[in-house]
There are 2 protein chains.
Amino acid sequence: MSDGEPKVNVDGVPYRTIWCDEQGTVHAIDQRLLPFRFKVMRIDSLVAMAEAISTMAVRGAGLIGAATGYGMHLAAREAADRPSGQGTDLVAAAALLKATRPTAVNLAWAVRRQLQVLADIEDPQLRAAAARAEADAIADEDADSCRRIGEHGLGLLRQLHETTGRTVNVLTHCNAGWLAFVDHGTATAPIYAAHDAGIPVHVWVDETRPRNQGARLTAWELAQHGVPHTVVADNAGGHLMQRGQVDVVLVGSDRTTADGDVANKIGTYLKALAAQDTGVPFYAALPSSTIDWTMTDGVRSTPIEERDGREVTHMEGVGPDGSLIEVRLTPVSSPAANPGFDVTPGRLVTGLITEAGICAASAAGLAAQHPDLAGGS
Amino acid sequence: MSDGEPKVNVDGVPYRTIWCDEQGTVHAIDQRLLPFRFKVMRIDSLVAMAEAISTMAVRGAGLIGAATGYGMHLAAREAADRPSGQGTDLVAAAALLKATRPTAVNLAWAVRRQLQVLADIEDPQLRAAAARAEADAIADEDADSCRRIGEHGLGLLRQLHETTGRTVNVLTHCNAGWLAFVDHGTATAPIYAAHDAGIPVHVWVDETRPRNQGARLTAWELAQHGVPHTVVADNAGGHLMQRGQVDVVLVGSDRTTADGDVANKIGTYLKALAAQDTGVPFYAALPSSTIDWTMTDGVRSTPIEERDGREVTHMEGVGPDGSLIEVRLTPVSSPAANPGFDVTPGRLVTGLITEAGICAASAAGLAAQHPDLAGGS
């Protein structure tokens, strides 16, 4: 399933966002330090993996799925290493992992997939080996899905370029990039594919407050790959669209309902409204693992993660002396609220780009594109 | 015209944002340091006033108008203090002031008003005295207009409270508060009036990147006045509206076209779109001095200020040691763009609140409410 060598280079060295070595220890890029420091962290216990996910050291739809897969591998390994009856309970491990981030659907999806594989294996050593293999498969499939998303999206960008005869201006929100998946990314996959195919592309990178995934991660990724881009405040996108400076909006999705509503980083809905108002096409790119086939009416149903208000009142950056520091932005007496996601109704989405192709953001569109998955979980 | 004692207290002391002492020196609150430090700056030359406006030490629609009025007073005083023929040219002074901020219409309005008054006065001393008096009148009228806006808007908030029987949740963007005017503010005037009248009000304060006028200025103002409020990232407003947590959006305007399009801080358009999509009323509050009767089709016509990208890539706040410092948020190699305003088409605006009342955001609505002003400048 894997397409071999990682696609993306960091200072010339090819990397995936997460991988497992021969001893079964997991390694992942610590995304809390980017773009200021590039550091790979060792994750060698279930608890450490849960911590890495909840603190957003690893984050992003696909990467959360892969990390969860590896979290179950670590749990199975811990179970195998201990005397019978004292090992880590895999059901408890599943619950621990699922509690880390409430909106991301890949988490529950990866847990379910591991539990299905492991349920029938009695021997702890065999079970640990199977968990490792399944985790690798989840990661490889994520990378492969993203590669295919890039191929499908490439056609869109090529068409826009051929229509206008000039650089294609893409606006993206948050980081649905290589860093949010195992490789390639979703929203970025068509951008990388177009750039590599010689189609001139420029990306408006939404800063993405409060955690600045755009300003920190997407900008860094695009810079590493040499893709022209400009960071803007989240407030700017509507104006850019009004002035004809955006040809297409490409975002990711953390959970897509069976009828095509897209839960993605807070603020995505506002960009979809502006795209509709100005006639700019708006696509969400996602592996089918992100689709929640059990849910409809995402605006009403999707659980939205409420994060710490401190992410709004404080911000981290590089100070005058080059050190990473946090500054307070607000009066001490002013509280803050911090919903992490919003839901863009399918009616505002021009299309969904999955590994299987491009389809309408509707129950009919998704069911036709994924007949094997629709109608059950 | 003045309603006497300033409305708003800072640590218990009543203040206006700008005032002129008996010697003709202008004093203004330095808004670059709030909420971290409260400092009053002396402005005693035309050049210093132009600098204060362009660096946004003084900012906001009405305050820019008042500051411009006082800038012309300082220019006329400089002209009177110098030998004949060597004084500051008032037309050059007008040009200098008008170049400081391209979107704000109160700037040109105040300059025009001063030039009309001063054109027929030959004697430099009399001219300086007239410029001082006119500047005071502009400031007093701004405060009075804002007070009246508060009275008209109070009815709206009272009605919302009576309909729902609970706290009225207002969302506001940027700072169209007391600090943006001479007193009261525009978007905040109904909030202060309602709060003082015992109507329970809670304000969602958009952070307002990149300069954080919401997180810094509006939050500080509301805290000083004891109005319950919560700071949110600019991305959050659409989600809050989808979940029924916003009863009304109140914003200001830096330039309103004769047909009701509203140029306001970048990102306002996105909130107006969300308000329309979710059925939340959206009002812009503005003194009629902010209306550009010579302009229509604001999306196409309004000049939009492009500010330094450094406001996006860097942010100022209070560091761990209590000092005010700036941190870098983005990779060094990533450029940024920084449009300062966007235009909300009148079709998205439920109504305009001016000193004369509430009217439709249309040519007919504005002309009917301001028959003395419409049709000419």
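Which strands of chain B does helix α7 lie across? I looked this up before anything else, keeping in mind that I'm working on a predicted model. Helix α7 of chain B, residues 213-225, lies across β6 (168-172), β7 (201-206) and β8 of that chain. Against β7(B) the helix runs at about 160°.

**Entry: the sheet in chain B**

I then traced the sheet itself. It is open, has seven strands and mixed pairing, and I read the order as β8-β7-β6-β9-β12-β17-β18 in chain B.

I picked one pair to check by residue. β12 (282-285) and β17 (351-354) of chain B pair in the parallel sense, over three bridges. Starting from B:Ala285, I land on B:Ile353 in β17(B) as the bridge partner. Helix α9 of chain B, residues 268-278, also packs on this sheet, and I see it touching β6, β7, β9 (248-251) and β12 of chain B. The direction of α9 makes about 145° with that of β12(B).

**Entry: two helix pairs in chain A**

How far apart are the axes of α5 and α6 in chain A? I get 7 Å, with a packing angle of about 65° between α5 (residues 124-164) and α6 (residues 188-196). Angles of 65 to 115 degrees count as roughly perpendicular, so α5(A) is roughly perpendicular to α6(A). The crossing of α5(A) past α6(A) is right-handed. On the α5(A) side I noted A:Cys146, A:Ile149, A:Gly150, A:Gly153, A:Leu154 and A:Leu157, which meet A:Ala189, A:Pro190, A:Ile191, A:Ala193 and A:Ala194 of α6(A). Sorting the residues of this contact, I get nine nonpolar, two polar and no charged.

Next I took α2 (residues 61-81) and α4 (residues 105-118) of chain A. They pack at about 35°, with axes 8 Å apart. This crossing, α2(A) past α4(A), is right-handed. Among the α2(A) residues in the contact are A:Ala61, A:Gly65, A:Gly69 and A:His73, and the α4(A) residues they meet include A:Asn106, A:Ala110 and A:Gln114. The contact of α2(A) with α4(A) splits into seven nonpolar, seven polar and no charged residues.

**Entry: the interface**

How much area do chains A and B bury between them? I have about 4,800 Å², 59% of it on carbon and sulfur atoms. In terms of contacts, 63 residues of chain B touch 63 residues of chain A. On the chain B side, I flagged B:Asn235, B:Gln242 and B:Leu270 as losing the most area to chain A, and together they make up 14% of what that side buries.

Last, the backbone. Most peptide bonds are trans, and most residues other than glycine have a negative phi. I found exceptions in the model. The bond from A:Arg209 to A:Pro210 is cis, with omega near 5°. A:Pro210 sits in the loop between β7 (201-206) and α7 (213-225) of chain A. In chain B, the bond from B:Arg209 to B:Pro210 is cis, with omega near 10°, and B:Pro210 is in the loop between β7 and α7 of chain B. I also marked A:Thr208, a residue other than glycine with a positive phi, near 70°. A:Thr208 lies in the loop between β7 and α7 of chain A.

Notes:
Residues numbered from 1 in each chain as written. Chains lettered and ligands numbered in written order. Predicted model: local features only at pLDDT ≥ 70, side-chain atom pairs only at ≥ 80, totals over all residues. Heavy atoms only, no water. Pairing = 2+ DSSP bridges. Helix = DSSP H or I, 4+ residues; strand = E, 2+ residues; numbered from the N terminus. Contact = heavy atoms within 4.5 Å. Axes fitted to C-alpha atoms, helices over the stretch in contact; angles between N-to-C directions. Parallel < 35°, antiparallel > 145°, perpendicular 65-115°, else oblique. Left-handed = near helix turned anticlockwise from the far one by under 90°. Nonpolar A, V, L, I, M, F, W, Y, C, P; charged D, E, K, R; others polar. Buried area = accessible area lost by both parts, 1.4 Å probe.
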